[in-house]
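Here is a short briefing on a structure. The points below are grouped by topic.

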Amino acid sequence: MTSPATDADFLLRLDEIIAAHKGREGPLLPILHDVQAEWGHVPEEAQPVLAEALGMTRAEVHGVVSFYHDFRDHPHGRHVLRLCRAEACQSMGAEALAEEVRTALGIDWHETTPDGRLTLEPVFCLGLCACAPSAQMGDRLLGRANLAKVQKLVAEAGA
Amino acid sequence: MKDFIIPDRDMGTPAVKSDVTVNLIVDGIPVSVPAGTSVMRAAAVAGISVPKLCATDHVSAFGSCRLCVVQIDGMRGLPASCTTPVTEGMVVHTQTDEVAQIRKGVMELYISDHPLDCLTCAANGDCELQDMAGAVGLREVRYEPGANHFARRDAEGPNPEYRPKDQSNPYFTFDPAKCIVCSRCVRACEEVQGTFALTIEGRGFDSRVSAGMASDSFLSSDCVSCGACVQVCPTATLIENSVIQIGTPEHIVKTTCAYCGVGCSFDAHMRGEEVVRMVPSKDGKANHGHSCVKGRFAWGYATHRERQTQPMVRERITDPWRVVTWDEALDFAASRLRQAQADFGRDAIGVITSSRCTNEETYLVQKLARAVFHNNNTDTCARVCHSPTGYGLKTTFGTSAGTHDFDSVDETDLALVIGANPTDGHPVFASRLRKRLREGAGLIVLDPRQIDLLNSPHMGEGLHLPLRPGTNVAVLTAMAHVIVAEKLYDEAFIRERCDWDEFLAYAEFLLDPRHAPEEVEKLSKVPAELIRKAARAYAAAPRASIYYGLGVTEHSQGSTTVMAIANLAMLTGNIGEPGTGVNPLRGQNNVQGSCDMGSFPHEYPGYRHVSDPEARAIYERAWGVELSPEPGLRIPNMFDEALAGRFKGLYCQGEDIVQSDPDTRHVTSALAAMDIVIVQDLFLNETANYAHVFLPGSSFLEKNGTFTNAERRINMVRRAMTPKNGYEDWEVTQLLANRMGAAWSYTHPREIMAEIALTTPSFAGVSYDLLDREGSVQWPCNDKAPLGTPVMHIDGFVRGRGKFVHTEYVATEERTGARFPLLLTTGRILSQYNVGAQTRRTENVVWHPEDILEIHPSDAENRGIREGDWVRVASRSGDTSLRAHITERVAPGVVYTTFHHPTTQANVVTTDNSDWATNCPEFKVTAVQVSPSNGPSEWQEEYRHHSDLARRILPTAAE
């Protein structure tokens, strides 16, 4: 995988994103969201550029990026499946479900299928405790999840 | 145990200033502290140590370790004492059963993820985690071994959480296995140093200290190796490599750093006569516990293998050196000096004093010239750096020194930085200034180059006036023009403290249209609007300060620039109060002191002219000799006289004039024309290539004495080890003087200081007893100010009324033209110091192994120069070759380099232009041409050849 930083318009696009938010209070997080939306992850090469533009250092930007699990340092698959692993879901069999899903997909946590379609991520609480265990596929939420429902969701998403 | 080694007790949180006092009771002991103080610090004031891990008085409280919880009557729960401020009548209990249980539980958690290899750990005996485990009575860890960060491998294979040591920095090691993630290092890097090179990455169990980004190491990150993180680390996670190699120190010698003019106080942590580490003293009044990479780590030169410890002589400078006894060397030196005087007259010999040596040593060297040579041929390297400061500030204010102490920066609202690069040249001061900038103070930078200070993290927008080298006077006068034209001056101050009529005359001069920003823009290339903005900001700030460096003085109009600066301060009333002032950032550790001590040919100690009969009478009485009322030769005059065949002998202590003075070829041919050149130094420096006698010098770790820093602060230097050469430098000067017939009998530098105090009014109150008691004092120190003077000119100028001197801009004769279209300006870099004799002999070379030419992309493109290419820099004086770095930090038409490396010899290129008043060389402006080249120039090859020949040493008979 080549880094997007080698693209000719990488810096141009980055500057546009920075310019769109620079005047805001606390501009770093909205900028990082846009960066991730643009390239699917936050390329390390972007961090010094952001730091320079915002009067910060690259260490600080790295601290923020690495703090949030949803900011990624490499691109994920085209779709992301999240399985909740928090307490309520655990009590309703989330661990066993996760085991089944991992076996069915042939990938472990944080991994992407070889065809690049799907990445599996753990999540800690989707706010669906009443219908645990829960899962999320893109923007779609799934309650009372089981392997069949998850596989259906995956198939529907074309992943 | 940490306190056993560090006697400055850690009070847990920083001191707070407040007019309100709060009374409370801690463990039954009543204590009064300023409002805003933490409970932890109040307890420490009462003599009670509350257990802590994340708290230290170097940085503000953080409240993360939860070890410092206490019980406070009337408060719910157990608050952290570090983040809880005191209140009136508070009753605190630092030791209760509940508190003890919590602390033990917290320690158990910490230790469950920490290796138990204390006996073989480098921090053994100097570890706060170890201390705290003892303090809370930890006896067992109930947690089962599980996921951890310290084991290389577990039963199932390599531990994915384990990260190896980062040994990329040459001076310290980062071992993540020992980290307790207290964030002290991150906070010190931010709050104390202001570099923000460190962060905590991840969160929860994944939290780690990270230098820079994921792909960075300590070396590749923004880290400047100041050592603040190592100093605050409570464990062995960040620790000096010297401690890993040697072990814990057993005693401390308090002394003063021998690098720049900030004059940081240091604790030399010793084992026997070996330095284990240098740690900045918290009670140091210039540095308050902070340091830079040079003072903290770059002291290895003192024991470097190239250090010469034996005297040597030779008939001719082309001969190899012969190692001889001290007797033979001194006899040889004395007889040749006397011979030169016999053949060519009394004025045929002279001395150059050192700004690296102590006040006492400098005093003796100038005394040697005046009392033993019977002439005033003494000068010092300040000639080539801050002599215009002395002249300019004496003329306008009445004193040849900066007006304020460094603490004053904490109260400034705006700093105008002119021709200085504090983050590289005066790093500890820069850290203090950056702290103030983060608190909201404004910044204006007048410099041809975009200096790092302008890119300080988390400061507001700085104003950069990128002027063309050599146009300082024009721009400063234009700023004064704006202040007068827009009536932004402080009339009350001027009427009270200066001469109103003189002001009116100056105002008329300023209002001439030739001083308007629009006119000045044409010469300086600084947009007029930027000049106006800067002038308005400086005049509007309630307390504005000026800090300047060699970019002001090393010009043909250096003295005029200093006076233009003084005028700005007087116009706006920015003198006499904390947060204001005019402060030169002096280059060398004791350049202020060497000037104070009468190193200049026209002035006795305390800046009294040699023609002044009263001053002369004092020294004639004290020294028992008749003294010459005629000023002696300045350094450039010595060279000119040497080339004319009239100046034949030079005693040069601790200075490398061949590398540091301009127009190297002129200097070397002058030295080659002399009969006797005596060099006293740690190393066979470049000047020694032209010497007949080499007297080995002693390092600052090997001598007693005092240094005076840029804020006039006299700091003690204390002997930590026996001189490797056998003598402290002042003893060598005394031996030489006595060889020439003097009968000096000093047995300790304190006796020399007593003589200085006796004969110099501004030093009258100074004594070693006072310095030992107070730590340091700032001159003037006498009956009127028995403990010294932090801020000068408070109620009136020393000279009476402040003087406005008209500052007409006169362009330097050094102009660009078809042959030499670019302007070269020179400077320095953080990791190297001056001619590099010391820092080149330390691991600091990893940061700056060679001098580099900075050139703007458009100038580079025109010449077909690519990044890293060898280029030839030529001026009308000479040429040299070095590698190019292409950067927009310099403006088009300007190129920049450093002068740290003798293989480059940047000063081959600089010219003999100099300041009209003081002869300070115009290092900062040289018209040059830059062209691609294949490698070192002919001069560099020739010089290397001579240098190799001149450094040969004959094997001694014994071998």
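Helices (H or I, at least four residues) and strands (E, at least two) are DSSP runs, numbered from the N terminus. On that basis chain A has 7 helices and 4 strands, and chain B has 30 helices and 36 strands. This is a predicted model: local features need pLDDT of at least 70, side-chain atom pairs count only at pLDDT 80 or more, and totals for chains, interfaces and linings use all residues. Residues are numbered from 1 along each chain as its sequence is written, while chains are lettered from A and ligands numbered from 1 in the order in which they are written.

**Confidence**

- The predictor assigns the complex an ipTM of 0.89 and a pTM of 0.92.
- Chain A has a mean pLDDT (the predictor's confidence in each residue, from 0 to 100) of 91, with 98% of its residues at 70 or more.
- Within chain A, confidence is lowest in helix α7 (residues 147-156), at a mean of 90. It is highest in helix α4 (residues 58-67) of chain A, at 97.
- Chain B averages a pLDDT of 92, and 99% of the residues score at least 70.
- Residues 1-6 of chain B have a pLDDT below 50. Beyond near neighbours in sequence, this stretch has 11 contacts in the model; two residues are in contact if their C-beta atoms, placed from the backbone, lie within 7 Å.

**Overall dimensions**

- The order of elements along chain A is α-α-α-α-β-α-α-β-β-β-α.
- The C-alpha trace of chain A spans about 45 × 30 × 25 Å along its principal axes.
- For chain B, the C-alpha atoms fill a box of roughly 90 × 80 × 65 Å, taken along the principal axes.
- Chain B has 30 helices and 36 strands. Its radius of gyration is 29 Å, close to the 30 Å that the globule rule gives for 959 residues, so chain B is as compact as a globular protein of that length. The radius is taken over C-alpha atoms, and the rule is 2.2 Å times the number of residues to the power 0.38.

**Contact between the chains**

- Chain B contributes 19 residues and chain A contributes 13 residues.
- On the side of chain B that touches chain A, β8 (198-201) and β9 (208-211) of chain B each supply at least two residues.
- β8(B) gives the largest share of that side, 4 residues.
- The residues on that side of chain B divide into 9 nonpolar, 7 polar and 3 charged. Ala, Val, Leu, Ile, Met, Phe, Trp, Tyr, Cys and Pro count as nonpolar, Asp, Glu, Lys and Arg as charged, and the others, Gly among them, as polar.

**Helix packing in chain A**

- Helix α1 (residues 10-21) and helix α2 (residues 28-39) of chain A pack at an angle of about 145°, with their axes 9 Å apart. Axes are lines fitted to C-alpha atoms, for helices over the stretch in contact, and angles run from 0 to 180 degrees between N-to-C directions.
- A:Arg13, A:Ile17, A:Ile18 and A:His21 of α1(A) meet A:Pro30, A:Ile31, A:Asp34, A:Val35 and A:Glu38 of α2(A).
- By class, this contact of α1(A) with α2(A) has 5 nonpolar, 1 polar and 3 charged residues.

**Helix packing in chain B**

- Helix α14 (residues 472-485) and helix α16 (residues 500-511) of chain B have axes that come within 9 Å and cross at roughly 110°. That makes α14(B) roughly perpendicular to α16(B) (angles under 35 degrees count as roughly parallel, over 145 as roughly antiparallel, 65 to 115 as roughly perpendicular and the rest as oblique).
- B:Thr477, B:Ala480, B:His481, B:Val484 and B:Ala485 in α14(B) meet B:Ala507, B:Leu510 and B:Leu511 in α16(B).
- The contact of α14(B) with α16(B) has 6 nonpolar, 2 polar and no charged residues.
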